[in-house]
Structure formats: structure tokens, C-alpha cells
Amino acid sequence: MDWLAYFPDLNPIEHLWDDLGRRFAARLHHPENTQQLKQMLSDEWALLPQEMLHQLVLSMRRRCETTIADLEPFLETGNAGRRPGQGRRWATTPNEDRYLVLTARRHRNMNATLLQQHLRSATGTTVSTQTVRNRLHGVGLYARRPMVCVRLTSRHRRDRRERIFIWRNRGSRHNPAFVHESVKFGGGVVLVYGGISIDGRTDLYIIRDGPLTAR
């Protein structure tokens, strides 16, 4: 099946870029300049587990089949909605769904495995962890990293009251003369390129100049 090289919906490497970004953000030490940023990205790229790359490549057939199956009803009827009664029966009852949601809201630190165990001990129903996530996603609950902050002391509160203010005109917020830099290195952006296969990966290439296109 033909599709554009820059079309993201059927491109499994987008999931890989997301995982690479999460691994990079979890590092204890962050780069202080662009050269360190490039080196750290290359290191994290080399540490990506091959099994994950293998599964992403093998998922291409399923992605194409799912896309085609979703596209066929639209081409026939002009409507992409599912017909009533399609799909498998749910493994949980509405009461069990409510139990999962209430337990997750009362115990915010529980992961899907612990919620699965709680449901089994309370109702005797065994479901997969993905089913637990699906039920929580249905009510808008998603697993997110907690906000990391410094516990404020009386000194911190006193320093907050002594914030520095400047007099400036309306609309001049981003004027360099009115910007107070809070870190030594203000950040940097690099464009990278890499490829994956079932049994390997390419090197991570740093694009120095210009955008990367399908050409």
C-alpha cells in the first residue's frame, strides 16, 4: 500500500520518537549545551531495547489492516461511525467499571496491575491491565507523571514575597531587556533522523542545516 513518506498515521517510528523523548526527559543530568544534547540523544538511541523496535516493525501489518477496515465503511456509506452491536462483549459490568473508577480516584498512585488485582479480589472478575486502562480512559483518567516541585519552607515563602518587578509597557513582555534568564543554558533544538528494522537500527543522524523532507 502506498502512502506519503511524511504521513504520520501509519508510521510506527513516531512511537519510537515519543519513547526516546521520555527516556531523555527522565535522565538525572540534563545537557548544558547543544553538543551535550546531541551526545545524550545518541546514547539514549543506542540503549533502546531491540525487542521494542521488533514489535513496532511487526505492527505495520496490523496498522494497515486497521486503517483499511476503518476506511471501507466510509467509502461505502460516507459515514465512519460503527454500526450498533459491533465488537466483542465487554468483560466487565457497569458496576465493575464504576468500582475501577472509584478505586483509581481514591488511590491515585495505583497502577493498572494493582487495580486489576483489587477488582479480582472484590468481584472475582479477571481482566487484562489494558482493559483497566480502557475503562479509565473512558472517563478521562490517564496515567500521567506527577508534578515535581520543591517543598516550600518559610524562607521560600518570604523570598516569593520579595519578587522583582519591572516597569514596562503593555505588549513588551518578550523584549530581551525585560527577560530574566533563570538557567545558564537556555535550551537548544536539534533535528535527528534514524531508521529501524526487525533486527537492527541505523545510527542516529544529526541534521545540521535545513529541514528534512521526503526527498
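Biologist: Asp19 and Arg23 both lie in helix α1, four residues apart, which is about one turn of the helix. What makes their pairing a salt bridge?

Modeller: This is a predicted model, in which local features need pLDDT of at least 70 and side-chain atom pairs count only at pLDDT 80 or more, while totals for chains, interfaces and linings use all residues. Residues are numbered from 1 along each chain as its sequence is written, and side-chain values use heavy atoms, with hydrogens and water left out. The closest N and O atoms of Asp19 and Arg23 are 2.5 Å apart, and a salt bridge asks for a side-chain nitrogen of Lys or Arg within 4 Å of a carboxyl oxygen of Asp or Glu, so the pair qualifies. The structure holds five salt bridges.

Biologist: Why is Arg23 called partly exposed?

Modeller: Arg23 has a relative accessible area of 31%, and partly exposed covers what lies between buried (under 20%) and exposed (over 50%), with a 1.4 Å probe and protein chains only.

Biologist: How are Glu65 and Arg61 classed, and what makes them a salt bridge?

Modeller: Both lie in helix α3, four residues apart, where a helix is a DSSP run of H or I with at least four residues, numbered from the N terminus. Glu65, at 43% relative accessibility, counts as partly exposed, whereas Arg61, at 63%, counts as exposed.

Biologist: Which parts does the salt bridge of Arg135 and Asp97 tie together?

Modeller: Those side chains meet at 3.3 Å, N to O. Arg135 lies in helix α6 (residues 129-138) and Asp97 in helix α4 (residues 94-106), so the pair ties together parts that are 38 residues apart in sequence. Arg135 and Asp97 are buried.

Biologist: How do you know that α1 and α3 pack, and which residues make the contact?

Modeller: Helix α1 (residues 13-25) and α3 pack at an angle of about 145°, with their axes 10 Å apart; axes are lines fitted to C-alpha atoms over the stretch in contact, and angles run from 0 to 180 degrees between N-to-C directions. The contact (heavy atoms within 4.5 Å) is made by His15, Leu16 and Asp19 of α1 and by Met52, Leu53, Leu56 and Arg63 of α3.

Biologist: Which class, buried, partly exposed or exposed, holds Leu71?

Modeller: Leu71, found in helix α3 (residues 50-77), has a relative accessible area of 43% and is therefore partly exposed.

Notes:
Helix = DSSP H or I, 4+ residues; strand = E, 2+ residues; numbered from the N terminus.
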